[in-house]
Amino acid sequence: MITIATWNVNSIRTRMHAVTKWLKETAPDVACLQEIKSTADTFPFMEIEALGYNVEICGQKSYNGVAILSKRPMEDVRKGLPGDESDEQARYIEAVISGDKRSFRVASIYLPNGNPAPGPKYHYKLAWMDRLKLHAKELLKFEEATVLAGDYNVIPEAKDVYDPKGWLGEALFMPETRAKFREILGLGLTEAFEQMDGRAEQYTFWDYQRGAWQNNEGIRIDHLLLSPQAADNIVEFKIERIMRDGIKPSDHVPVIGTFDF
DNA sequence: ATGGTCGCGTAGCGA
């Protein structure tokens, strides 16, 4: 079995206490991280490698930045989302990893927030989603197991937000955003979340402000999107809600899929 | 009540 996690850590250096504890206890085979807010010269490679992980990053100073940590070697590492050579924001990295039964491709995605909407930031978000759609379409042609993991900054449905009416004007929940997300799914991807026995609400983010965590005012924006070959082999899906507690938590919690790869 | 909290980096922006 292979466990693949996605977690927006909101700065790798500030989060190292929680990250090292998590890598020891949860010990995912693959961890896709977002918002590392570091470049290679400030990323804590040594500490993470000492825990048995190979590390690949697409870094940026102060903002954004994504990484893939993998217990197994990574091949065909690609940094940056294709489709716009002028885009300098570090929001995409992918790699191919061998499981016991088959190899799989995994991506760590930090989709733009897009607020305020409308405006240039929202335009950038939608354009970025168009590029992701094009790239996902290319990846699906391989007909291989593919897991597109990350902070999508998309609330798919009303059930995924504590106050749907209050969020209608937000870039994360606007009809055009959700329609674009559905377009991407429409290529033939499925959400790993659909594997859950969906009783209670299942949020992945709670704002630091206004006691959002204490009041369970959360949203579900961290997703695992699966190619058919990955969806056929998922055996478990978990949201590590408990990670929102503790010392200096990220505002996001890890989301983890287990695959028979 | 136009607030509140983080992180980066040391002012003010991004989320």
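1. Is Asn153 buried or exposed? Asn153 counts as buried, because it has 27 C-beta neighbours inside 10 Å. (Buried takes 20 or more other C-beta atoms within 10 Å of a residue's own, exposed 12 or fewer, and partly exposed is in between, with C-beta atoms placed from the backbone.) Asn153 lies in the loop between β8 and α4. Its phi is near 50 degrees, a positive value in a residue that isn't glycine.

2. Some ground rules before going on. This is a predicted model, where local features need pLDDT of at least 70 and side-chain atom pairs count only at pLDDT 80 or more, while totals for chains, interfaces and linings use all residues. Residues are numbered from 1 along each chain as its sequence is written, and chains are lettered from A and ligands numbered from 1 in the order in which they are written. Helices (H or I, at least four residues) and strands (E, at least two) are DSSP runs, numbered from the N terminus.

3. Start with one open sheet: six strands in the order β3-β4-β2-β1-β14-β13, with mixed pairing. (Strands pair if DSSP finds at least two bridges between them.) At the edges you'll find β3 (54-58) and β13, each pairing on one side only. Ignoring direction, neighbouring strands here are turned by 15 degrees against each other on average. That angle is taken between axes, which are lines fitted to C-alpha atoms (for helices, over the stretch in contact); angles run from 0 to 180 degrees between N-to-C directions.

4. Within that sheet, β1 (residues 2-8) is worth a look: six of its seven residues are buried. β1 is antiparallel to β14, with five bridges, and Thr6 sits opposite Val255 there. With β2 (residues 30-34), β1 runs parallel, again over five bridges; Asn8 has Gln34 of β2 as its bridge partner. Out at β3, the pairing with β4 (residues 66-70) is antiparallel and has five bridges, and Val55 faces Leu69 of β4.

5. Now the inside. The largest nonpolar core has 69 residues, and those with the most contacts inside it are Val30, Leu33, Val66, Val106, Val147, Ala149 and Leu226. Strand β7 (residues 103-110) gives the largest share of this core, five residues. (A nonpolar core is a set of buried Ala, Val, Leu, Ile, Met, Phe, Trp, Tyr and Cys residues joined through C-beta atoms within 7 Å.) Leaving aside neighbours within four places in sequence, Ala149 is in contact with residues including Ile4, Cys32, Val106 and Leu224. Contact means that the two C-beta atoms, placed from the backbone, lie within 7 Å.

6. On to the DNA. There are 14 residues around DNA strand B, and Ser11, Ser62, Asn113, Tyr208 and Gln209 come nearest. (Near means a C-beta atom, placed from the backbone, within 6 Å of the strand or molecule.) By type, the surface near DNA strand B has two nonpolar, six polar and six charged residues. Here Ala, Val, Leu, Ile, Met, Phe, Trp, Tyr, Cys and Pro count as nonpolar, Asp, Glu, Lys and Arg as charged, and the others, Gly among them, as polar.

7. Arg210, in the loop between β10 (205-206) and β11 (218-219), has a positive phi of about 60 degrees without being a glycine. Arg210 is exposed, because it has 10 other C-beta atoms within 10 Å.

8. Lastly, His252. It lies in the loop between β13 (234-239) and β14 (255-259), yet counts as buried because it has 23 C-beta neighbours inside 10 Å. Not counting residues up to four places away in sequence, His252 touches Trp7, Asn8, Asn10, Asp151, Thr204, Phe205 and Asp222.
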